[in-house]
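Dear colleague,

Please read the notes with the structure open beside them.

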Amino acid sequence: MTPPATPDTSTPDTSTPAGTNPAASNPAAVDEPLLIELLTLAQRRLARDLAARLEAEGCTLDQWRVMRCLTDDAGRSMGDLAQALLIPQASLSRIVDALTEAGLAYRRQDEQDRRRITAHLSRRGLIRLERLDALAAAHDAAVRTACGTPDPGPLLRHLTEV
């Protein structure tokens, strides 16, 4: 068995000047996380958990989000969808392609501007969305219960003010 290593004390540590706090000069050593860090972590955990529930139904989180944006009969252009969902247009095109291939959405040429293509949710997509929304609502209710607040509205409104 090898004995534990002992620190080398033959040369002094000059990495931090005498009398300074290494944590104060190293931003990564901050004890308190910033609000943006906490919110990002919370968002990622919420998204991961919901994505797992949706994946069990054969749907990705972004596919579900796109379907929710297409519930009105007017349809949405790819640019409008990309802006509303903060999804890059190239990624959005792949998502809409997958929804179209599954028969959950379709594309239509705009009657006034033939260059404009709008995406729409099919009847099959609407039926599927009801099931997915029920899963999302159950997830949301569980999170609200775990947080002890049925209405996070005031905090969310404050955080999302532009």
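A residue is called buried here when its relative accessible area is under 20%, exposed when that value is over 50%, and partly exposed in between. By that criterion, buried residues account for 22% of the 162 residues in the protein; please keep in mind throughout that this is a predicted model. The accessible surface of the protein amounts to about 12,000 Å², and carbon and sulfur atoms contribute 56% of that area.

As for the fold, the protein has seven helices and three strands, and, read from the N terminus, its elements follow the order α-α-α-β-α-α-β-β-α-α.

Turning to the charged side chains, the structure contains nine salt bridges, and I describe some of them here. One of them joins the side chains of arginine 131 and glutamate 57, with an N to O distance of 3.1 Å. Because arginine 131 belongs to helix α6 (residues 123–147), whereas glutamate 57 sits in the loop between α2 (35–55) and α3 (61–69), this pair ties together parts that lie 74 residues apart in sequence. Both partners fall in the intermediate class of accessibility: arginine 131 is partly exposed at 43%, and glutamate 57 is partly exposed at 25%.

Two further pairs each lie within a single helix. In helix α3, arginine 65 and aspartate 62 are three residues apart, which is about one helical turn, and their side chains meet in a salt bridge at 3.2 Å, N to O. Arginine 65 has a relative accessibility of 26% and therefore counts as partly exposed, while aspartate 62, with a relative accessible area of 29%, is also partly exposed.

In helix α6, aspartate 140 and arginine 144 are four residues apart, again about one turn of the helix, and the salt bridge between their side chains has an N to O distance of 2.6 Å. Aspartate 140 is partly exposed at 36% relative accessibility, and arginine 144 is partly exposed at 29%.

Finally, there is a group that goes beyond a simple pair, since Asp80, Asp110 and Arg116 are linked in a network of salt bridges.

How values were computed: Residues are numbered from 1 along each chain as its sequence is written. This is a predicted model: local features need pLDDT of at least 70, side-chain atom pairs count only at pLDDT 80 or more; totals for chains, interfaces and linings use all residues. Side-chain values use heavy atoms; hydrogens and water are left out. A salt bridge is a side-chain nitrogen of Lys or Arg within 4 Å of a carboxyl oxygen of Asp or Glu. Helices (H or I, at least four residues) and strands (E, at least two) are DSSP runs, numbered from the N terminus. Buried means under 20% relative accessible area, exposed over 50%, partly exposed in between (1.4 Å probe, protein chains only). Accessible areas come from the Shrake-Rupley method with a 1.4 Å probe; for residues, only the protein chains shown count as cover.
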